[in-house]
Amino acid sequence: MCGIVGYIGEEQAAPLLLTGLEKLEYRGYDSAGLCLNDNGALVVKKSKGKLEVLKNLTDDGKILHGTVGIGHTRWATHGEPSDVNAHPHLSESGRFAVVHNGIIENYIFLREMLMSRGLSFRSNTDTEVIAQLFEYYYKGDIMDTVIRVMSKLDGSYALGILCRDNPDEIIAVRKESPLIIGLGEKENYIASDIPAILDKTRNIYRLENNEIAVIKRDSVQIFNTDKMPVKKETEKIDWDIHAAEKDGYEHFMFKEIMEQPKAFLNTIHPHLKNGRVVLDEIHLSAEEIRSFRKINILACGSAYHVGVVAKYVFEKILRIPVEADLASEFRYRDPIVDDKTLTIVISQSGETADTKEAMKEAQRRGSHVIAIVNVLGSAIAKESDDVIYTMAGPEIAVATTKAYSTQLAVIYLMALYFGDLLGKISPEEYQIYLQELQTIPDKIQQILDNREQVQYLASRLFNAEDIFFIGRNIDYALSLEGSLKLKEISYIHSEAYAAGELKHGTISLIEKGTLVIALATHEELISKTRSNMVEVHSRGAYILCLTTEKHQDLKSVAQSTIFLPQTCDMMLPSLAVIPLQLFAYYVAALKGCDIDKPRNLAKSVTVE
């Protein structure tokens with residue numbers, strides 16, 4: 001959430017900053033702003049609303065002069081979206097300008113302290129407190145001031161700072177919120193995320209917690225809070241630049257849906273060697289794995305839904321108790337975790353605040369942590385004991401698609417790897433599962449090639465006001481994701497229910513014309529799901545059924561049916577999720593919604 005960019009070089013900064021902010025729009029925001037150092041004066045332009053408002057206000061940046069600047073897209077946490085609350089924030093004298101991602105937890109105390117000492121505030125934000133702290137503590141040495149301010153702040157922050165007295169530098173600071181430095185020739189950058197600068201440089205430094213960077217046109221120096229220099233290895237980003245562009249598609253989300261066969265294949269391929277699953281990233285012996293009495297899976301949002309699928313898969317294959325926990329709840333319930341618990345954390349960005357803190361809680365209690373993330377060098381990747389990377393490439397749309405699919409791919413790899421290591425599956429079963437795993441990309445492509453049916457159904461059903469997803473076992477786990485995908489981009493109220501729970505209250509919501517999307521892929525329970533479909537149909541529901549090709553008989557119960565290619569039960573979610581993503585996409589498109597940037601949502605949730 002929120003986006004930071006900064007530039008120092010020889011070109012006019014404002015147009016470059018606006019382009020960088022445009023590449024970060026996917027993170028979610030409600031206002032935007034720029035600050036340029038123009039001949040020793042800090043000039044700020046900011047506005048509520050879309051970036052287009054700021055571009056119009058500044059004539060695409062042309063009216064703002066200067067070759068040093070910072071920019072920001074804000075997602076409101078303290079104070080409503082407004083011109084005044086937008087970043088950057090100036091200190092009272094205008095000496096300092098600050099952009100900030102994160103949350104300052106003790107800002108009320110700091111604000112009251114500063115007001116009692118004569119400083120006044122314009123905004124309702126926690127960020128203005130940071131700018132005013134710089135004003136209050138500054139005695140002429142910017143580095144001493146930064147360190148003093150950091151010592152006063154509780155919470156998470158990535159900061160871009162301009163000082164009027166130091167016109168040829170940007171200061172960057174990081175604590176618990178991601179920030180990178182892009183390295184160019186006679187120019188350098190700061191950014192919250194790689195896409196903002198990918199068309200300018202592929203060489204970056206990643207700031208770590210409590211590091212301070214002094215960035216000039218021709219140099220970058222990084223220090224710790226003892227003012228000791230920190231040596232950094234340059235990281236080269238090898239993303240295909242087209243992966244961060246729409247590349248001819250109308251929306252990033254649709255492009256990313258269509259990329260799933262390749263992303264799934266790219267994720268499994270490096271781990272398949274000589275007819276075996278190889279996970280060299282996991283540094284656990286068979287004996288250590290056997291010692292685990294429980295597996296905990298921690299995640300948020302769609303990654304949590306992957307965790308619910310994983311619970312069914314792991315318990316069936318490994319016969320070990322598994323808990324899938326919302327990371328935002330885990331550390332507040334005094335969880336029962338020890339060194340006999342294996343913890344798996346799942347996060348696309350590797351920076352999800354609640355997931356990161358839940359992981360630390362599990363580690364404090366002695367648990368070994370394996371992370372599944374998509375971003376190399378992210379905080380969760382670095383702080384976990386082991387990490388397996390998904391190979392989704394950059395995912396720009398707020399609603400995840402290919403990250404979800406590649407996380408599922410890693411779950412299947414882990415199930416086979418552990419199952420084989422522990423002797424929980426026979427050699428024959430192992431080979432059957434392995435062969436099926438390798439067919440999934442082609443079967444996903446088959447569904448995508450026949451997407452017109454889903455588009456047609458969306459055109460008939462997009463006016464539904466309430467939609468219910470039902471399923472049993474692994475179908476219920478998938479229902480959670482189908483419902484979330486629909487509600488987050490189309491704004492239609494939808495809920496997912498375990499089909500067996502219908503009679504325990506939910507069925508009272510069904511009336512004539514209610515759309516029920518029934519998932520019936522789990523072979524052992526299709527007859528029971530069929531009974532639930534009959535129940536809701538008898539109360540007037542319109543049923544859209546998602547099932548496998550062999551169950552043609554379900555056409556007699558449902559008003560519309562989508563058939564999936566056949567595969568083993570545990571891998572069916574990888575196929576069934578594709579029509580659900582497509583349905584959500586087409587419905588949102590027909591309703592005219594902002595598909596890539598749905599209201600109130602952010603791509604990377606880096607605050608609690």
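Two strands count as a pair here if DSSP finds at least two bridges between them. Keep that in mind for the views below, which come from a predicted model.

**View 1. Strands β20 and β21 side by side.** Strand β20, covering residues 368–373, is joined to β21 by four bridges. The two strands run parallel. To find your place, look for Ile-370, which sits opposite Asp-386 of β21.

**View 2. The whole five-stranded sheet.** Zooming out, β20 and β21 belong to an open sheet of five strands with parallel pairing. Reading across, the order is β18-β17-β19-β20-β21. At the edges you'll find β18 (322–326) and β21 (386–389), each pairing on one side only. Ignoring direction, neighbouring strands of this sheet are turned by 20° against each other on average. As for what holds such strands side by side, strands of a sheet pair through backbone hydrogen bonds.

**View 3. Helices α9 and α16 together.** Here helix α9 (residues 301–318) meets helix α16 (residues 474–490), and their axes come within 8 Å. The axes cross at roughly 170°; angles over 145 degrees count as roughly antiparallel, so that's how α9 and α16 are placed relative to each other.

**View 4. Who touches whom between α9 and α16.** On the α9 side, the residues in contact include His-305, Val-308, Val-309 and Tyr-312. Their partners in α16 include Tyr-476, Leu-480, Glu-481 and Leu-484. Sorted by type, the residues of this contact divide into nine nonpolar, three polar and two charged.

Note on methods
Residues are numbered from 1 along each chain as its sequence is written. This is a predicted model: local features need pLDDT of at least 70, side-chain atom pairs count only at pLDDT 80 or more; totals for chains, interfaces and linings use all residues. Side-chain values use heavy atoms; hydrogens and water are left out. Axes are lines fitted to C-alpha atoms, for helices over the stretch in contact, and angles run from 0 to 180 degrees between N-to-C directions. Angles under 35 degrees count as roughly parallel, over 145 as roughly antiparallel, 65 to 115 as roughly perpendicular and the rest as oblique. Contact means heavy atoms within 4.5 Å. Ala, Val, Leu, Ile, Met, Phe, Trp, Tyr, Cys and Pro count as nonpolar, Asp, Glu, Lys and Arg as charged, and the others, Gly among them, as polar.
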